[in-house]
Every structure is written in structure tokens, then in C-alpha cells.
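User: Could you walk me through this structure, one question at a time?

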Amino acid sequence: MFNKKECVVMLLAGGQGSRLYTLTEKTAKPAVPFGGKYRIIDFPLSNCVNSGFDTVGVLTQYQPLVLNEYIGNGQPWDLDRASGGAVVLPPYQRSKSADWYRGTANAIYQNINFIERYDPDYVLVLSGDHIYKMNYRLMLDFHKEKNADCTIAVIDVPLEEASRFGIMNTREDGEIYEFEEKPKRPKSTKASMGIYIFGRKKLVEYLKADEADPSSAKDFGKNVIPAMLAAGEKMYAYEFTGYWKDVGTIKSLWEANMDTLGEHPVLDLYDRDWRIYSRTQANPPQFIGEDAKLTNSVVSEGCEIHGTVENSVLFGGVYVGHGAMIRDSVIMNGVRIGDKASIDYSFIDEDTVIEKGSRIGDEKEKAAGITLIGSDLTIKKEYSIPTGDMVNQAYIDDLAKKGGK
Amino acid sequence: MTVSGIIFSNLHDKNIPELTRQRTMASVPFACRYRLIDFALSNMVNSGITDVRVITHNNYRSLMDHLGSGKDWDLARRSGGLKILPPFVSSYSGGENLYRSRLEALFGVISSIQHIHSDYIVMSDCDSICNIDLKDMVNKHIESGATLTLGVKDTVFEDRHLKNVNVIYADKDGNVTDIERDPRHATGVKSLGLNVMVVNTNELKSLLNDASAHGYSSFINDVVRRNVGKYVFKVYRYDGVFRNIYSMKEYYDCNMQLLRDERFRKELIGNPLRPILTKVHNSAPTKYSDGAVVKNSLIADGCIIKGTVENSIIFRGVKIGRGTVVKNSILFQDTYTGENVFLNCVITDKDALIQDGRMLSGHETLPFYIEKGQIV
């Protein structure tokens with residue numbers, strides 16, 4: 001059943017996220033856990049549902065197992081629909097060729113069939129690696145009001161950081177006259193958020209043209225947007241002012257996690273008018289023991305806490321032993337932290353065991369960087385992992401050879 | 001071998017009138033995030049029973065809301081799954097009244113029972129909570145060749161007046177010999193009925209026909225007790241954790257036992273092989289602010305805690321204000337406490353609002369209960 005939809009959403013979720021190191025060794029970046037019980041992709045998916053968009057194609061490619069399983073039939077986001085809903089779109093084989101997705105534009109090009117089944121007037125293109133709460137409906141209204149061919153969401157960034165982004169130079173009414181990818185001398189501070197709305201016919205036209213061009217890198221930012229600008233299409237920048245964070249690095253992911261803490265957090269997850277949905281299982285309630293101390297932290301179900309937790313984010317099913325101390329850290333699902341272990345300024349990935357008395361990282365003020373411990377590892381007792389290290393199985397084997405020093 | 005389940009959702013509502021005024025016994029909240037029916041349902045699902053009927057009586061809106069399609073127990077199925085049986089006013093239930101006993105409840109849903117094609121039926125109440133491996137119980141039942149097997153828990157008493165419980169007597173081979181209801185001076189080892197039983201489907205149908213012909217009114221005291229000797233009735237000795245909730249005091253104490261008794265807590269709600277499943281909500285994790293002090297408590301997700309919480313059970317979405325002290329209390333979903341509130345031995349029902357500076361205290365033998373939506 002394919003009812004006509006006003007707008008179809010294409011969510012690019014194939015990103016590897018190589019700057020997240022071991023966090024994305026086994027999962028795609030959009031499936032990286034966030035904020036105690038979410039994954040990054042919960043944000044764009046929840047935004048879609050809260051904005052009233054119910055047809056979302058999720059384009060997966062890199063390490064799709066966890067992501068596919070997580071999205072499933074889309075039920076946690078109310079996207080298990082008879083018409084539309086969440087549909088996972090992996091690369092596929094055709095009669096004459098088989099291809100991976102070669103760039104963002106190519107990924108959408110390969111799924112033009114999916115888009116056209118719903119005969120939409122507009123296509124919203126999102127990426128699955130940002131943390132933000134945004135009403136896409138308002139952006140679509142803006143797009144319609146301007147009678148635009150393409151609208152790009154932009155956010156004001158500090159001038160000194162502008163050269164890390166794609167920058168839109170606009171006229172007063174928001175019309176884009178120039179686009180510069182990572183400019184050395186930025187003329188404006190309007191950074192592209194990687195959120196585009198296209199008229200469907202225009203999008204299909206340009207994707208086909210881009211596909212026919214052998215020199216193209218098949219990328220929206222590098223090829224499609226410049227081509228549309230050069231052809232004089234009507235392109236507008238839609239200014240967004242809320243919370244938005246590119247969580248492409250360990251540092252920025254850590255910061256975004258910390259942004260959920262505090263009494264008036266910059267990223268409010270308790271807002272009942274704009275809920276962030278996630279797939280969760282039924283864990284028992286958290287048990288907080290007699291000697292536990294919890295300050296400025298968020299803790300999820302299934303945890304058992306006997307130690308001290310400060311300025312930290314604890315995912316479900318984490319065990320914190322007696323006398324253990326956790327500060328300024330993000331501890332993911334199912335991690336066990338033994339008695340008297342201490343963890344500072346670190347990420348500990350899922351199901352890792354930190355044995356009794358071991359020491360991870362260093363106080364945030366003194367630390368050289370964030371320490372990252374991969375998933376399913378065992379950090380032997382009395383080991384000390386220095387600040388800023390990225391720990392995986394090879395690191396542990398090496399450490400064992402050296403006798404733990 | 002196929003097994004179906006039947007759950008009685010409100011046989012003993014009158015035992016806790018406060019909590020069941022607007023809900024069934026089955027949907028009484030328990031242990032931060034559960035409803036009592038979650039134990040009966042999870043026991044079945046964890047043992048591979050995926051065709052489950054829930055018999056309702058009155059006030060079952062909250063139960064419908066909790067169960068939904070049954071998907072959270074993996075019971076939203078095309079074949080089998082969860083079926084809610086709303087009450088029938090039938091000739092068996094005495095004129096215009098709804099059923100008053102387990103037997104009348106079964107008479108009322110006889111047409112649904114006729115459609116059960118499984119070989120065995122497990123029947124369970126909601127006010128006796130346990131985490132039981134029903135697969136083992138069903139296997140033992142089949143091996144023994146019995147018509148019906150009653151789950152029992154051996155417990156030692158010294159001159160206690162037992163309430164809301166059947167004491168089952170059996171010989172050394174496990175054959176039921178007698179049944180006593182609420183004995184006044186229980187002393188020594190007594191086998192308490194779990195109100196969990198396995199019965200052969202065809203024989204249940206003929207037992208019900210026979211009971212109807214004799215005008216019986218109680219399943220245990222008439223159908224089972226009067227037929228001892230005529231049929232093989234066995235006991236199954238369960239040695240896990242078990243509580244029977246028959247009064248407000250028991251309800252309160254059972255929650256508190258989760259805090260003081262680690263074995264009870266872990267076996268009841270922390271067994272990874274037999275997890276207690278419940279309706280999954282969408283709450284953010286719980287946030288502990290700078291001034292929070294929390295000791296020996298169970299806390300659900302979605303809470304914001306700025307004050308002190310000791311020996312308490314805190315449900316989803318509860319807000320504890322700055323300077324507030326909550327001790328030995330049970331706060332249901334979305335209870336809001338302002339600043340500098342003091343609560344001791346208090347049970348607040350859903351959406352209660354305690355304003356700044358209020359001080360309330362009950363006693364562990366008589367917890368102070370605040371109704372749903374009350375403003376103090």
C-alpha cells in the first residue's frame with residue numbers, strides 16, 4: 001500500500017565515524033549509544049515523528065547489524081506503519097551491476113524507486129550523526145513559503161570554527177548565492193547542518209545528472225549543491241537556533257553527553273512535548289546501595305550502584321562496586337566496575353569488565369585527553385590505563401606481555 | 001506438548017481496597033516499574049507459554065492500558081498471544097452480579113476455555129508473586145500423570161493466623177490429601193498454595209461440567225478438595241521467593257523486603273534467565289542533582305532527584321525537590337514533591353502532589369496512603 005506522502009525522509013546512516021575509534025569498530029556511527037539510553041539515530045528519527053513525517057528510508061552500509069536490529073520494524077518511534085514507516089535501505093544488486101553506496105548523492109540515487117513509490121512533493125535528506133531537537137515541519141513551511149528548489153538548514157557557529165564546516169553565504173532574505181566547503185577565510189558563520197529539503201522533481205533531475213558525470217564524487221556537499229547553485233536554482237538557508245552538535249569525535253561526543261547533565265541542561269531530554277524515543281528492554285529498576293554517592297549524573301535502569309558517581313552518564317545494567325569512584329565519564333550498557341576501581345574522564349564501551357582496584361584515566365583537569373576503553377574487554381585488577389589511551393584487545397594483549405605496566 | 005495460560009486478574013481486590021479502587025489487583029503497581037500481573041505473565045512467557053488468557057472483572061481499564069496488544073511480553077501474535085476476557089454477566093454468576101470466585105470466573109469464560117486446544121493449562125493469580133520455572137512444573141505434572149498439580153511453598157510458622165491462603169496437605173508421594181483455608185493457629189511447616197496450578201485441559205473441562213452439575217462455588221475448596229481420592233491431585237514444591245499480598249501492610253512490607261533482602265530482590269526481579277517483563281515506557285534516565293543523597297533505594301527511570309531518598313521505592317517520573325527527605329516510602333508514578341518536604345512510611349498513588357514544607361508520616365504497620373492525584 002503506497003499512499004501519496006507530502007514529504008519522504010531519507011536518513012543517511014551509513015557513516016563509519018572513524019574518529020570515534022573503537023566505538024564504531026563494530027557499529028555504524030548512528031548506532032553509537034548516547035545519553036544513558038539512546039543511540040544517535042534516535043534524535044533524527046524522533047524529530048521526524050515529532051514533526052509529523054512518517055515515511056523514513058534509512059540508508060545503511062557500514063557495519064549494519066546493530067543498526068538494522070535496532071531500527072527493526074520502527075515500532076519504538078511509531079514508525080511501524082501500514083503505509084510508509086521506517087524502511088531500512090541497504091545497498092543491493094541490480095541486473096547489470098552491484099554497487100556499494102558511493103557517496104551521499106549516489107546512495108539516494110540508488111533509492112529513487114523507493115522515493116517515487118510515495119509520489120512525494122518534497123524530499124528531506126538527513127544525516128544520522130548529529131544530536132539535536134528540530135521541527136522539520138517548520139523548515140518545510142519555510143521551503144514552501146520561499147517557493148525554493150532546495151533549502152539547507154544552517155546554524156550559526158563561532159567564526160574561528162567556521163572553517164571546519166560547509167559555509168553558506170546568503171543574501172538578506174536567506175537566499176544562498178555561494179557555498180564554500182571548509183573555507184580558509186569564511187565570509188559568514190552559517191554552517192550547513194547536513195539537512196536538506198528538495199523539491200522531488202528537482203532532486204531526481206540533479207541526482208540523475210550527477211550520476212551521469214564520471215568526474216563527480218557523488219556527494220551532496222561537493223557536487224549536487226554546487227551544481228544546483230551554478231544552474232541558478234532557488235536555494236535558501238533556513239536558520240536553526242536550538243541545540244545542535246556534530247558528535248564526530250570522542251571529545252564532542254563526550255561534551256554532548258555532558259550537555260544532558262545539570263538542572264537546566266542545554267540538551268533537555270525530559271521535555272514531554274518533544275520526546276526522544278528509543279528501543280529499550282525491561283530492565284529491573286536501579287538499586288542504589290547504602291554507601292553510594294551520586295551527584296550531577298544520570299543513571300539508567302538495571303544499574304546497581306555501591307560506589308561514588310560524579311558528573312557521569314551511566315547506561316543500563318552497569319554495576320559499580322563498593323568504594324569505586326567514577327568521575328566525568330560515560331559508562332555504557334552492562335559494564336561492571338569492581339570495588340575500589342577509579343575511572344576519570346573516560347568512555348567505557350559495552351559489557352567491559354573493570355576489575356577491582358584498577359585505575360582508568362586521570363582527573364579531568366590534569367588529563368591529556370579522554371581515555372577510551374572498547375567493548376567486551378577485561379581490564380585486570382591493579383592495571384592502570386593512562387589518560388588519553390584508546391584501549392582495544394590488542395592493547396590489552398600488549399599490556400599483558402609487558403606484565404601490566 | 002502444548003500449554004496455555006489463564007490469569008485471574010482480580011480475584012482478591014477487596015484485600016487492598018485503597019490500591020484497587022481504580023484498578024484491578026493485576027494492575028497494582030509494584031517495585032518501581034512493575035504491575036502485579038507482570039509476574040504471572042512473565043513466568044508464563046519465560047516458560048514458553050505464549051497463549052495466555054486474562055480474565056477480568058471490573059475496573060480493568062488500567063489493566064487494558066498496561067497490557068496493550070501484549071507486545072512487551074512478546075504476546076502480540078497472530079497465533080495465540082494475549083487475549084483479554086472481559087466479564088460476562090452469566091447465569092452462573094448469580095443474577096446481575098459478576099463472578100465472586102475462581103470457579104465462577106472459569107464458568108464465565110467457559111466458551112473461551114472450550115477453544116483451548118493445548119494439552120495443559122497453567123492457571124495463576126496476580127496477588128501471589130514469585131519467579132517460577134513453569135516448564136519444570138509442567139514437566140513434573142506430566143511425569144506424575146496427575147489431573148492437576150498445585151504449586152506450593154513450604155514455610156515455617158509459629159502459631160500464626162494465616163490469611164488469604166490455602167494450606168495444602170499431601171502425602172509423601174505428593175498426593176493432595178486435604179486443603180485448609182486460612183487456618184487460625186498455623187504451627188510448623190505448612191505448604192502454602194501459590195495459586196499457580198497446572199491442569200490437563202480435557203479434565204478441566206469435565207471438572208467444570210461436574211462442578212456445575214453439583215452447584216459448587218469454589219474451585220479449590222469444592223472442585224479440588226471434594227474430589228481428593230477420585231482424581232490424582234499432586235503438589236509441586238517450589239523453593240524460590242514467594243510473597244502473598246493480602247493487605248496494605250503486606251504490600252508495603254513486600255516492597256520493603258526488596259530493599260533489605262538481596263536474595264529476594266535478585267531472585268524476584270534480577271534473574272537474567274527469567275526476567276520480569278513489563279510495559280516499556282519511554283523515559284529519560286534518572287537525573288541526580290548536586291544535592292542528591294540516595295541510600296538503599298530502588299529507583300525507576302525518568303526521575304529527577306534533588307533531595308534525600310532513603311529505604312524507598314521510587315516509580316517512574318517522580319520529582320524529589322531540594323531539601324526534601326523521603327524515608328521508608330513508596331512513591332508511585334509521577335509523584336511530585338516540592339522543597340523541604342518530609343515523608344516517612346508514606347505510599348503516594350499516581351500523580352500525587354506534595355507541596356513545599358509538608359511533613360507526613362505513617363508507621364510500617366500502617367503506612368500513610370495518599371490517593372491518586374491528591375494534593376497535600
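Analyst: First, a term: helices (H or I, at least four residues) and strands (E, at least two) are DSSP runs, numbered from the N terminus. This is a predicted model, where local features need pLDDT of at least 70 and side-chain atom pairs count only at pLDDT 80 or more, while totals for chains, interfaces and linings use all residues. Residues are numbered from 1 along each chain as its sequence is written, chains are lettered from A and ligands numbered from 1 in the order in which they are written, and side-chain values use heavy atoms, with hydrogens and water left out.

User: What is the radius of gyration of chain B, and what does the globule rule give?
Analyst: The radius is taken over C-alpha atoms, and the globule rule is 2.2 Å times the number of residues to the power 0.38. For the 376 residues of chain B the rule gives 21 Å, and the model's value is close to that, so chain B is as compact as a globular protein of that length. The radius of gyration of chain B is 21 Å.

User: Which share of chain B is buried?
Analyst: Buried means under 20% relative accessible area, exposed over 50%, and partly exposed in between (1.4 Å probe, protein chains only). Of the 376 residues in chain B, the buried share is 60%.

User: And chain A, how many helices and strands are there?
Analyst: The counting goes by DSSP runs again. Chain A has 9 helices and 31 strands.

User: What radius of gyration does chain A have?
Analyst: A compact globule with 405 residues would come out near 22 Å, and chain A agrees with that. Its C-alpha atoms fill a box of roughly 65 × 50 × 45 Å along the principal axes. The radius of gyration of chain A is 23 Å.

User: Among contacts in chain A between residues at least 6 apart in sequence, what share joins residues at least 24 apart?
Analyst: Contact means heavy atoms within 4.5 Å. Looking at pairs at least 6 apart in chain A, the share that joins residues at least 24 apart is 58%.

User: Which residue stands opposite E310(A) in β21(A)?
Analyst: Strand β18 (residues 308-310) and strand β21 (residues 325-327) of chain A run parallel, joined by 3 bridges. Opposite E310(A) stands R327(A).

User: Is A105(A) buried or exposed?
Analyst: A105(A) is in helix α3 (residues 104-109) of chain A. Leaving out residues up to four places away in sequence, it touches several others, including L207(A), F220(A) and V224(A). Its relative accessibility is 1%, so A105(A) counts as buried.

User: And is K340(A) buried or exposed?
Analyst: K340(A) is in the loop between β23 (336-337) and β24 (342-344) of chain A. Its phi is near 60°, a positive value in a residue other than glycine. With 65% relative accessibility, K340(A) counts as exposed.

User: What is the relative accessible area of D159(B)?
Analyst: D159(B) is found in strand β8 (residues 148-160) of chain B, and its phi is near 45°, a positive value in a residue other than glycine. D159(B) counts as partly exposed because its relative accessible area is 48%.

Definitions and conventions. Pairing = 2+ DSSP bridges.
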